[in-house]
Amino acid sequence: MATFLGENDSVLCLVVTNANKQYSIWPSGRELPSGWSKEGFEGSRSDCLKYIDLVWTEPTAYSTTQ
């Protein structure tokens, strides 16, 4: 499996979200960290980041559960 390194655009990635509706990317084929789930978009690193820019309209706003 390819190594996920910084700006390497050849690694297939997933868009993932957490309970606070925050978005991130994760290398496809690697186990997701606890608390994160697949959002549904998969592609190159740059395509995933572009997708997040389109759908995450308020990246600084999130809710917390206590």
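This is a predicted model: local features need pLDDT of at least 70, side-chain atom pairs count only at pLDDT 80 or more; totals for chains, interfaces and linings use all residues.
Val15 has Ile25 in strand E2 as its bridge partner. Residues are numbered from 1 along each chain as its sequence is written, and side-chain values use heavy atoms, with hydrogens and water left out.

The chain contains 1 helix and 3 strands, and its elements follow the order β-β-β-α from the N terminus. Helices (H or I, at least four residues) and strands (E, at least two) are DSSP runs, numbered from the N terminus. Of the 66 residues in the chain, 26% are buried; buried means under 20% relative accessible area, exposed means over 50%, and partly exposed lies in between, with a 1.4 Å probe and protein chains only. The chain exposes about 4700 Å², of which carbon and sulfur atoms supply 50%; accessible areas come from the Shrake-Rupley method with a 1.4 Å probe, and for residues only the protein chains shown count as cover. Contact means heavy atoms within 4.5 Å. Of the contacts between residues at least 6 apart in sequence, 44% join residues at least 24 apart.

The strands may be taken next. Strand E1 pairs with E2 in the antiparallel sense over 5 bridges, and 5 bridges also join E1 to E3, again antiparallel. Two strands pair if DSSP finds at least two bridges between them. The hairpin of E1 and E2 has 4 residues between the strands, and Lys21 takes a positive phi near 65° there.

How many of the residues of E1 are buried? The count is 6 of its 6 residues. In a regular strand the side chains alternate between the two faces of the sheet. Both faces of E1 are covered, with Cys13, Val15 and Thr17 buried on one side and Leu14, Val16 and Asn18 buried on the other.

Thr17 lies in strand E1 and is buried at a relative accessible area of 14%. Beyond its neighbours within four places in sequence, Thr17 is in contact with Gln22, Tyr23, Gly35, Trp36, Ser37 and Glu39. Asn18 belongs to strand E1 (residues 13–18) and is likewise buried, with a relative accessible area of 14%. The bridge partner of Asn18 in E3 is Trp36, and, leaving aside neighbours within four places in sequence, Asn18 is in contact with Gly35 and Trp36. The side chain of Asn18 also makes a polar contact with the side chain of Gln22 at 2.7 Å. A polar contact is a pair of N or O atoms within 3.5 Å; within protein, one must be able to donate a hydrogen and the other to accept it, and residues adjacent in sequence count only if both atoms are side-chain atoms.

Strand E2 holds Trp26, which counts as partly exposed at 25% relative accessibility. Pro33 is found in the loop between E2 and E3 and counts as partly exposed at 32% relative accessibility. Pro33 and Asn18 are 15 residues apart in sequence, with a C-alpha to C-alpha separation of 9.8 Å.

In helix H1 (residues 45–55), the residues Arg45, Cys48 and Ile52 are buried. They lie on the same side of H1, because they cover an arc of only 65° around the axis; the arc is that of the directions from the helix axis to the C-beta atoms. An α-helix has 3.6 residues a turn, so residues three or four places apart point the same way. The face of H1 turned away from its buried side carries the exposed residues Lys50, Asp53 and Leu54.

Against which elements do the buried residues of H1 pack? They pack against E1, strand E2 (23–27) and strand E3 (36–43). Cys48 is one of these buried residues, and its contacts beyond four places in sequence include Cys13, Val15, Ile25 and Phe41.

The largest nonpolar core has 8 residues, namely Val11, Cys13, Val15, Tyr23, Ile25, Cys48, Ile52 and Trp56. E1, E2 and H1 are the elements that give two or more residues to this core. A nonpolar core is a set of buried Ala, Val, Leu, Ile, Met, Phe, Trp, Tyr and Cys residues joined through side-chain atoms within 4.5 Å. In soluble globular proteins, nonpolar side chains tend to be buried together.
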